[in-house]
2 protein chains.
Amino acid sequence: MNRENKTIQNNSIGLVKTQAFTFESFKLESGERLGPVTLAFETYGALNKEKSNAVLIVHALSGDAHAAGLHENEKDPGWWDAFIGPGKAFDTDKYFVICSNILGGCKGSTGPSSVNPATGSPYALDFPLITINDIVNAQKRLIEHLGIEKLLSVVGGSMGGQQVLSWLVNYPNKIFSAIPIATTIKHSPQQIAFNEVGRQSIMADAHWKSGNYYGGPAPSKGLAVARMIGHITYMSDKSMAEKFGRSKKDAGEPFKFTADFEVEGYLRYRGDNFVKRFDANSYLYITKAMDNFDASGGKRLEEVLRGSKVKVLAISFKSDWLYPAYQSKEIVKACKLAGVETTYCEIDSTYGHDAFLLEVDEEAHLIRHFLKKVFYAYEVTGNYGE
Amino acid sequence: MNRENKTIQNNSIGLVKTQAFTFESFKLESGERLGPVTLAFETYGALNKEKSNAVLIVHALSGDAHAAGLHENEKDPGWWDAFIGPGKAFDTDKYFVICSNILGGCKGSTGPSSVNPATGSPYALDFPLITINDIVNAQKRLIEHLGIEKLLSVVGGSMGGQQVLSWLVNYPNKIFSAIPIATTIKHSPQQIAFNEVGRQSIMADAHWKSGNYYGGPAPSKGLAVARMIGHITYMSDKSMAEKFGRSKKDAGEPFKFTADFEVEGYLRYRGDNFVKRFDANSYLYITKAMDNFDASGGKRLEEVLRGSKVKVLAISFKSDWLYPAYQSKEIVKACKLAGVETTYCEIDSTYGHDAFLLEVDEEAHLIRHFLKKVFYAYEVTGNYGE
């Protein structure tokens, strides 16, 4: 709370609004066509004359387009506000920052809860299976719509990092640099397993009804359990010990399986809060896209990156056991083998996977200097487009 | 399968039967009285004349009394058969091995699915909250019933290890040695969190009905999800990668959220199998007992162990992230500080927490030699009782 208030007073970009961009339709990787497609997005700062200062920020599983600043009548700033604003790592006095909500989501972009034009009802499971590459292809439409030929950088952590890798592999001529954070070329079976249990929990909820719950009660209990599992994996053994220890809550209730420990209360609170703002079917589609993602499409990543001129900064966190550092090192190794200019840093943090949202000082420092360097190089080369 | 068949041919103890011991009632730690209480148990080998060769094996969360040998008309041997039998680590030619099902369970012992004599219906949530110490106090009645004054050893992994620590702290004069495996003095918030999510999943199931599901459909989907979460924590990132990789199953079904990856199919299979043999309310009571357990009751373990003559062998496994080695080292440190004779080994295994069931060679070797040593010391001292 303190941090957030401070952030708002110091260098907040102030009031912002989420915008929407709609295009008629496009072809998914599966071959299916989907349309119309709307993407929610926000922008901060101004595009320069050369259109060389655009940075795309892509979000993680439960994120949205509201990365920075304040919405009217709301107290909490966007999810990466500590990084975005005048003088911050993504310095809005220098850069034009775009944050796009993902295809398949439920925060203003087209997803399973959107109305299917063919039926006039929500898609539910008639929504086609989407991939991380589909999400990126939709983003590319938005970037083109904004008149940008080439992004100075694409940045994101976790599933955002998967999108960064998709840009890196599929659109090397559309980005000057890339910052994949706490991410992986492809999910390990353990990562798939945690997502699968979340999906099973949603589908086990009697209210799920094979996805056709719109207009009735949502599968909130199943989604809350999925979110609780997520939260355990986002923290570390150590950060949980530091935050909760074995502190007990005031029991109060006579119920035997009440939340006795602080950590139980925290998980229940986080689970219950999440269901107010997230759609269970979106959770299914997005986690499946993450699990199916393979950045290099079955080939070796170094092969598909060969010849790429994109500059890469990869970041991982020591206590992150969900996306362990060895996975970032695999990305770095492939980049190096492909001759791609790559910087890597493993930040010494106890926050676990959440560190990419919380390790403001060190992470912001790395990003600030990397962006300064690539912005300089980009302006020197003058290669603002194809 | 191969291992099991081999085990049966080589040194199986052959056909065994589960027995039952019932006592009138006893007082729980909470002050409540519970009775009558039945414990299911099995024994292998014979008690010697001096009654100095009795080893008690205590099981983990989902275990039962059937630790070794074969039940009539069943193919699979008991859950620790590789360790128990003629010539094995728990050599039934030398030792009298007892395995007791726990109070609160659902495998023949009194638990929430048992009939409440006050109502004639299953206890459900009228079953009192039990503790690990209650479980051990009930075991002690069984041991006394078998005419044993002092156990040569108490052995168990995971929640079994918690019971071993309870024996060590509360009944130092009733055991000559103790083998806590892959366990902890008290659960960390991360361990509590995983159990809590399992409980939430069960209680989220519409069939749970505040525990009153007996006679109707059981909360099988919720319990299956709880078990799937458990299975992820029992394996390691590496053992999952080795076992499943990113292999895909034959899809077959047209459903979008089918089990595409082998690891998904495995989890679903394990979850579905578990609900056929386990009671959801027992899962709630037992996990709560694990979470509430604090071996030294809020004091420092070295204080409560001071003066103890019990010999200890503690074992942990390198890739076990659910009960990490540092927790076993805390036990060992407290024992050493208390002047308790203690041996410790961290086995280099990739199996994760499951290693205590699977690392037959090294673990069995350690146990075999430790038991030989303490049996010799016990016979030399001749101190067969109080």
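**Helix α3 of chain B and its packing.** I looked up what surrounds α3(B) in this predicted model, and found that its buried residues (20 or more other C-beta atoms within 10 Å of their own, C-beta atoms being placed from the backbone) pack against β5 (54–58), α2 (132–145), β9 (153–157), β10 (177–181), α8 (280–292) and α9 (301–305) of chain B, where contact is taken as C-beta atoms within 7 Å. Helices are DSSP runs of H or I with at least four residues and strands are runs of E with at least two, numbered from the N terminus. I noted that eleven of the twelve residues of α3(B) are buried, so the helix is largely enclosed by the rest of the structure; among them are B:M159, B:W167 and B:V169.

**Numbering and confidence.** Residues count from 1 along each chain as its sequence is written, and chains are lettered from A in the order in which they are written. Local features need pLDDT of at least 70, side-chain atom pairs count only at pLDDT 80 or more, and totals for chains, interfaces and linings use all residues.

**The two chains.** I then superposed the copies by least squares on C-alpha atoms of residues with pLDDT of at least 70 in both, and a rotation of 180° with 0.0 Å of shift along its axis brings chain B onto chain A (RMSD 0.0 Å). The copies are thus related as by a two-fold rotation axis.

**The interface.** I found 38 residues of chain B in contact with 39 residues of chain A, and α4(B) gives the most to the side of chain B that touches chain A, with twelve residues. I also saw that 100% of the interface residues of chain B are interface residues in chain A too, so the copies meet through the same surface.

Notes. Two residues are in contact if their C-beta atoms, placed from the backbone, lie within 7 Å.
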